[in-house]
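Please look over the structure shown here before reading the briefing that follows it.

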Amino acid sequence: MSISTQEPQPPRTSRAREVDGATPGTPDAAPARSTARRRRGPSVPLTPKLVVGLAIVAVTVLFAVVGPFFVADPSRVDDIGLTPPSAEHLLGTTQTGQDVFAQLAYASRGSLIIGLVVGVIALVLSGFFGVVGAYAGGFVDESFSLFSNVMLVIPGLPLVIIISSYVPNKSVWLVAVVLAVTSWAGSARVLRGYTLSVRSRDYVLAARVAGEPPSRVLLVEILPNLVPLLASQAMFAVIFAILGEAGLSFLGLGATGSFTWGTMLYYAQNGLALRLGAWWWFVPPGLMIALFGAALALINFSIDEIINPRLRSQTRRARKRWHLDRPAPVAAGTTDTPTEATA
Amino acid sequence: MTTLEMQDVVKEYHLRDGWRGERLRAVDHVSFTLEPGRTTALVGQSGSGKSTIAKLLMRLESPTSGRILLGGRPVGRSRSAQRAYRSQVQMVFQDPFGSLNPHHTIEHHLARPVALHHPRMSAAQVRSRVLELLTRVRLDPTEEFAARRPHELSGGQRQRVAIARALAPEPGILVADEPVSMLDVSIRLGVLNLLGRLQREENLGVLYITHDLATARHFSDDIMVMYRGSIVERGPADDVLLHPRHEYTQTLRAASPDPERRLAELA
Ligand SMILES: Nc1ncnc2c1ncn2[C@@H]1O[C@H](COP(=O)(O)OP(=O)(O)OP(=O)(O)O)[C@@H](O)[C@H]1O
Ligand SMILES: [Mg+2]
């Protein structure tokens, strides 16, 4: 299955004759095929990459949404510090006897919320400044593009450090907004470039000629082309946000009183978990970050293959198949394909 | 009926080349009139400005100087004036593979212009008009074609859809920018004959842009020859082709195969 929109041989159940003047036998298209396929829109190829990525994301999201309802209070201090995993504490306890599994559940929720909020804000900002600017053209495009370029070079980390030194009690939202504001510009540029190319396509011009109002041209004719790109850019924004938040929290600059994967690592680091060999404390959040990031990256690769079908056939497996299809050379020198210089 | 007139139109593009701006005059003081019931061919080499004229007529570009008059009157800038203009002047694009949106059904492509230009039609009326348009361009069974997407049609069928879309607002003037150049030779004549028949039935004024002198002569009343942005020769089709005066037309004539033979090849 592929999503390519160019079918080399359109299925035809009936023959529309070239009536006017042409000789009746002139072929208009490939011969009629009896199978008429009816597809609602492009279908997405379910590659192993995509399935694995989606599965990991689904499990993580489920854990983050449902997990906190079933675990004990993650901040409850106990006098059983640093116990290894057991039946009672699935992932052991921290130095102060807090349940790591409970913390992990809340931390997943916290990290995913940050990722989601940043993803949505970055999507809206990059869509507005990239797509609308490119579509409007002229002065609007120039100024939007200049603004994006300025935002692109504002470094996120120093900005957050400055903000955190001014604001003593940072909420999760503040961190999310700062991360979003510093992360949308790159994708706005990508979206602008693609919108510029879609904008000048004939079917967009044809819609304008037909009299479609500009807003409808943008929403109905242009936007469907941008959906895969928007999805992939949003995915990147989520990865960036989760990693960025983890980095900030690890440096102790995160939101106050929040649970995220980054804060868990920060407390593990402060509690000398590594030196004390308490792997159950720092491995789970680290693993979650790595797995979730990898899963989003996998989904992103699949989306890239949808956008650019040329990437799809470039896998090693596909290339091996081509070699199998090619008839084996009988003897060197008699084959018509020139043999590469191997000596 | 309405006439469409270009009066002394100039279109310049600014090519930005580093700091220096350079100007390219794509259309150079061009004037002509399209009348109902007459087909005018516009021939010329690649890059001579033919598509630019089509874009100017469709108001996808605005002229640097000069005027475009519909029915003797300049066109207003307001949205309703634009819409009124577009219900009179329509266009068939060159590339049937690029001019239909792969995300939408054929019905969408036809229903939108119908609905836009006939705001008082009910959904059912719009649909029956869509089916009627499909019949007019000989895409039968209409119901089935309406539900398809562009990639499920052949090039010739797509171009018929594009023609149907251009006819949807019931225009008086049709601009066809190389409507068959992207199609297989064997089906070109079918599409051209369809255009010719619709032109007669609706009494359309057609601007037929082409490279092909043979079809230009066969399908048009008048021919205009364009060279580097200006029209160097014009007149009744046979006159221009049989007794070319401008030297560019002569080379064009010499370079193209014998029109009669070429037409026989197409058929
Ligand atoms: N948007 C644009 N910006 C700058 N230059 C342009 C633009 N569009 C067209 N041109 C230039 O204007 C000239 C005329 O182009 P046009 O597309 O009208 O040629 P044409 O006669 O339609 O050619 P063809 O037969 O190949 O379609 C060309 O030199 C082209 O490079
Ligand atoms: Mg052209």
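Over residues 279-303 of chain A the chain is 100% helix and 0% strand, with its end C-alpha atoms 35 Å apart; helices (H or I, at least four residues) and strands (E, at least two) are DSSP runs, numbered from the N terminus. This is a predicted model, in which local features need pLDDT of at least 70 and side-chain atom pairs count only at pLDDT 80 or more, while totals for chains, interfaces and linings use all residues. Residues are numbered from 1 along each chain as its sequence is written, chains are lettered from A and ligands numbered from 1 in the order in which they are written, and side-chain values use heavy atoms, with hydrogens and water left out.

**Annotated segments of chain A**

- An unreviewed UniProt entry carries the annotation "transmembrane region" for residues 50-71, 112-134, 146-166, 172-191, 234-259 and 279-303 of chain A; UniProt positions are given in the numbering used here, feature names are shortened, and annotations may be inferred rather than shown by experiment.
- Over residues 172-191 of chain A the chain is 90% helix and 0% strand, and the end C-alpha atoms are 28 Å apart.

**The surroundings of ligand 1**

- Ligand 1 is surrounded by 14 residues, of which the closest are Ser46(B), Gly47(B), Lys50(B), Ser51(B) and Thr52(B); a residue counts as near a molecule if one of its heavy atoms lies within 4 Å of it.
- Oxygen atoms of ligand 1 lie 2.8 Å from a polar backbone atom of Gly47(B), 2.7 Å from an N or O atom in the side chain of Lys50(B), and 2.6 Å from a polar side-chain atom of Thr52(B).
- Taken alone, ligand 1 exposes 640 Å², and the protein buries 66% of that, where accessible areas come from the Shrake-Rupley method with a 1.4 Å probe.
- Strand E1 (4-17), strand E2 (20-34) and helix H1 (50-57) of chain B each supply at least two residues of the shell around ligand 1, and the largest share, 3 residues, comes from H1(B).
- The shell around ligand 1 divides into 4 nonpolar, 8 polar and 2 charged residues; Ala, Val, Leu, Ile, Met, Phe, Trp, Tyr, Cys and Pro count as nonpolar, Asp, Glu, Lys and Arg as charged, and the others, Gly among them, as polar.

**Pocket and cavities**

- On a 1 Å grid over the protein atoms alone, a cavity is a set of points where a 1.4 Å probe fits but cannot get out, and a pocket is an open set with protein on both sides within 12 Å along at least five of seven lines, lining residues having an atom within 4 Å of a point.
- The second largest pocket holds about 600 Å³ of space, a volume being the space filled by probe spheres set on the grid points, which are joined across faces, edges and corners.
- The second largest pocket is lined by 19 residues, and the closest to its centre are Tyr135(A), Arg208(A), Arg59(B), Leu60(B) and Arg86(B).
- H2(B) gives the most to the lining of the second largest pocket, with 4 residues, and this lining divides into 6 nonpolar, 3 polar and 10 charged residues.
- The whole structure has 3 cavities of 30 Å³ or more, and the largest cavity has a volume of about 80 Å³.

**Backbone details in chain B**

- The peptide bond from Asp140(B) to Pro141(B) is cis, with omega near 0°, and Pro141(B) is found in the loop between helix H4 (123-136) and helix H5 (142-147) of chain B.
- Glu170(B), although not a glycine, has a positive phi of about 55°.

How values were computed:
A polar contact is a pair of N or O atoms within 3.5 Å; within protein, one must be able to donate a hydrogen and the other to accept it, and residues adjacent in sequence count only if both atoms are side-chain atoms.
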